[in-house]
Amino acid sequence: MTRLADLAELVRAPAALSVPGDVLSGAAAAGTLGRRTPALAGASVLLYWAGMAANDWADRRLDAVERPERPIPSGRIRPATAFGVAAGLTAAGLALAGAAGGRRATAVAVPLAATIWGYDLLAKNTAAGPAVMAACRGLDVLLGASIGPARDRGRREAPPSARGLVRALPAALTVAAHTWTVTALSRREVSGADRRLPRATLAGTALVAATALGRPDPVPVALAAGYAGRYGAAQARVLADPSPGRVRAAVGAGITGLPALQGALTARAGNRLLGLAVAAAAPLGRRLARLISPT
């Protein structure tokens, strides 16, 4: 029987701590935070896990050579099981998004799911790979902005307009830019990197952190500085020694450090306490990453 621990490794379960902040930062930016936002965050997690399982299914032959310890090549999970997990989680994520946000949320969740699968099956090993993965994260942020704000009276919620999505677009682009840097580095986890790559990703990280600041406010400033300091330091070590181990460490820092960036974006939108709560997932993710690798 497939063990729960093997499934957790297949979907890189701890890395999902970097996911709810996408939806929360998008909802905060759009002014659509409400009682349905947690369900959208749950749908986002399911779609993320689906992408991780589909990634391992698509890479099963390559992993047999480069990462034989992964669940599929090691024989702990059958390929058919991994594909079934990916398909089932995708269906569950889309269903939850639809139940929480109706047609508006589904209109974002479906392209998000299609982009995730497109990355895993088609784009990952092409020059377009980092851009497609960045689009996944950007759409995930917009998922949080896909439902309308609550009415002042009654239980029904106001229908959303395109205005909310437009307001969330800067946050979506910021998270997408960060994702581009992580994905570009991840393509060199096995072979090591040319020093030009960490130079480019470091510049991108500096720009992302600056974008997350917004108006002068100590909370987003502190969170953005923490994000840039930890992730930037990991990339600086790649610049000094572009070996596979250093690259993997930088990728891990980029994944587990994302909640700090999301928290800065959430706080920038005026939700300081929620931003701090989102950022609190970063140290927890780093601890869990010692048990299950997020890369």
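Helices are DSSP runs of H or I, at least four residues long, numbered from the N terminus. The model is predicted, and local features need pLDDT of at least 70, side-chain atom pairs 80 or more, while totals for chains, interfaces and linings use all residues. Residues are numbered from 1 along each chain, and side-chain values use heavy atoms, without hydrogens and water.

Gln 235 lies in helix 9. Gln 235 counts as buried because its relative accessibility is 0% (buried means under 20% relative accessible area, with a 1.4 Å probe and protein chains only). Its side chain makes a polar contact of 2.7 Å with that of Thr 201. A polar contact pairs N or O atoms within 3.5 Å; within protein, one must be able to donate a hydrogen and the other to accept it, and residues adjacent in sequence count only if both atoms are side-chain atoms.

The lining of the largest pocket divides into 16 nonpolar, 11 polar and 14 charged residues. Asp, Glu, Lys and Arg count as charged; Ala, Val, Leu, Ile, Met, Phe, Trp, Tyr, Cys and Pro as nonpolar; the others, Gly among them, as polar. Helix 3 gives the most to this lining, with 7 residues.

Definitions and conventions
Helices (H or I, at least four residues) and strands (E, at least two) are DSSP runs, numbered from the N terminus. Buried means under 20% relative accessible area, exposed over 50%, partly exposed in between (1.4 Å probe, protein chains only).
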